[in-house]
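Open the model in your viewer and keep the selection panel handy. We will go from stop to stop, picking a few residues each time and looking at what they touch.

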Amino acid sequence: MDDLYNSRRNRTDLTSAHRNVREVVNWFFRHYQAYARRAGKPLVSSKNIDEYKRHIRLIILDLLSAWEGDKAKFVGYNRGKRYFIKDGPYWNYKSGTSRISNIIYTNVIDFLAAEKFIDHHPRRKGFPGISSRMRASYRLIRVFSARRLNWACIDVFDGPEIIVKHGDEYVPYPTAEGFGLDRAFENVRRINSTLQTTFINLRISDQEMENLKKRMAREQVLDDDEEPREPFEFSNRTLRRIFANGTFNNGGRFYGGWWQGIPSQFRKYIEIDGAMTVEMDYSTMQPRMLYALVHETPPNDAYILEGWDSGLRPIIKKAFNQLLNSATSSRHQNQWHRFAPDLLPDPLPSNWGSMSKHERNLACRNMFEAMTGRDYSNLLRDLLEVHTPIEQFFFSGTWGKMQRKDSDIAERVMLKLLNLPRPVTALPIHDSFIVRRGAEKTLHNAMEEAFEEVVGLKPEIDRDETVFDLPSEDYVPGLVIPDEDFGMEVLKDIEAYSGYYRREAEWTSIHGPID
């Protein structure tokens, strides 16, 4: 049975100027007209031809991107009119219009379903939380293959670069409140312009890639802000800023890049324009900002607690953020069951995708207790005791305001790097950045300057020293492969990493040689 929970939201900002894409769109439009005749439906009038072609292109590219990321993944979308009007997820608050037409979008999808180009699952009553779903069928995949369409063909036009949310709902732009909205738009577009022309690859074997995709589809985990992980699709190489709580004073972090969604241990294999990369991050960024607000000196490492294994540091960091982000109503310990460690049960329950949040929390807490012999609430209690100087910020929703600060810092870092005589592309992951090797010192300077400008003190900056895995035990230093065996070793590498090399060939076929 198809897993309808293995899905992502539909995209409304995709386009392509590639010749093959234009030919496919024209081909589908002709088939749509023929389908309309057979079904006794109105033909597309001359004034609507361009809009129908735009919607066909958007849907086809959306399905292509999702399929290349995970062949089993569905694209979720909404059919109801309320989703296409003001306050709906498809509304463009800058232009005051819907990004897509309710009638045209659903007409095209119904055509694709009737002609067996998509596996289609319209929303059914009794299935709350599951919108309509679609994914490319084998018939559509054959069209992709015949026309040589791939992720490198996909571009992003003037998409939803600035988003404001309240809970899970999109809301209209609030009063700017001193926030330079036009400047923020321009900055995101400038950053995205660079990312659109940057080749970002992942050097892992085909088998590792399949295992990674299965893991991500199975976990469907959330990050610190309860935002779903970004879909692992190589066409996702642009960013948007998402503000929270219906105001520009909360949130504002950058989301959208595929590199943000993969587990952290795979980030060392990211390449930028064919070069290996290094990641640098602000150490204990949020605690340092909070301690600065009360003019106190922060601990050397705010995420290390006496009596707890230092290996739990990532879990303690997540716990710290949970306490900052929680409402006052969660202050009493009777409410701490709402909190769960950043830890997944092993093995993961087969029904993980359909479990309620309470059930998931309980499973994660049980895993934590089995691993440490202590309840997760004990960790929260010790964390609060250590950070008594900043206790006023816990259970106050302060995390959103801190996000605004760290997102402003991230914006400054990326712009500083782009303003250099030889611009440097940085891939942001909230409080860390990935750049090509050799640009470490440049990145460090930009991070230090940006932090001091916003916070008023010097930051602690860490570098991930790991590049690739260490040699195996049977590694012999200085061993030279004989000439007669070298070609065979190269062929083995190409075979094992065929996807990696294929992505490079696909990119260069569309964008030209890599600089």
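Select Arg 267 and Glu 279 to begin: both residues are buried in this predicted model. Show their side chains and you will find a salt bridge, with the closest N and O atoms 3.0 Å apart. Arg 267 sits in the loop between β13 (251-255) and β14 (270-272), while Glu 279 belongs to strand β15 (residues 275-282), so the pair ties together parts that are 12 residues apart in sequence.

Next, pick Arg 241, Arg 404, Asp 408 and Glu 411. Salt bridges with shared partners join these four residues into one network.

How many salt bridges does a search of the whole structure find? The search finds 26, and two further ones are worth a stop.

Select Asp 110 and Arg 79, whose side chains meet in a salt bridge at 3.0 Å, N to O. Asp 110 is part of helix α3 (residues 102-114) and Arg 79 is in the loop between β3 and β4 (91-92), so this pair ties together parts that are 31 residues apart in sequence.

Now move to Arg 189 and Glu 161, a salt bridge in which the closest N and O atoms are 3.5 Å apart. This pair links distant parts of the chain, 28 residues apart: Arg 189 lies in helix α5 (residues 181-196) and Glu 161 in the loop between β8 (155-156) and β9 (162-166). Are the two partners buried or partly exposed? Arg 189 counts as partly exposed, with 28% relative accessibility, whereas Glu 161 counts as buried, with 7%.

**The four-stranded sheet**

Switch to a cartoon view and colour β1, β3, β7 and β6. These four strands form an open sheet in the order β1-β3-β7-β6, with mixed pairing. The edges are β1 and β6 (118-121), each of which pairs on one side only. Look along the sheet to see the twist, which averages 30 degrees from one strand to the next.

Follow the sheet strand by strand:

- Strand β1 (residues 7-9) pairs with β3 in the parallel sense, over three bridges. Select Ser 7 to see this residue opposite Phe 74 in β3.
- Strand β3 is joined to strand β7 (residues 132-136) by three bridges, and these two strands run antiparallel. Select Gly 76, whose bridge partner in β7 is Arg 133.
- Strands β6 and β7 also run antiparallel, joined by four bridges. Here Ile 118 stands opposite Ala 136 in β7.

**Two packed helix pairs**

Two packed helices are described by the angle between their axes and the distance between the axes.

Select helix α8 (residues 313-325) and helix α10 (residues 376-386): they pack at about 70 degrees, with axes 10 Å apart. That angle makes α8 roughly perpendicular to α10. Show the side chains where they meet: Ile 315, Ile 316, Ala 319, Phe 320, Gln 322 and Leu 323 come from α8, and Tyr 376, Leu 379, Leu 380, Leu 383 and Leu 384 from α10. By class, this contact has 10 nonpolar residues, one polar residue and no charged ones.

Helices α7 and α8 pack at about 45 degrees, with their axes 10 Å apart, which makes α7 oblique to α8. Gln 286, Pro 287 and Leu 290 in α7 meet Phe 320, Asn 321 and Leu 324 in α8. The residues of this contact divide into four nonpolar, two polar and no charged.

Terms used
Residues numbered from 1 in each chain as written. Predicted model: local features only at pLDDT ≥ 70, side-chain atom pairs only at ≥ 80, totals over all residues. Heavy atoms only, no water. Axes fitted to C-alpha atoms, helices over the stretch in contact; angles between N-to-C directions. Parallel < 35°, antiparallel > 145°, perpendicular 65-115°, else oblique. Contact = heavy atoms within 4.5 Å. Nonpolar A, V, L, I, M, F, W, Y, C, P; charged D, E, K, R; others polar. Pairing = 2+ DSSP bridges. Buried < 20%, exposed > 50% of the residue type's maximum accessible area, 1.4 Å probe, protein only.
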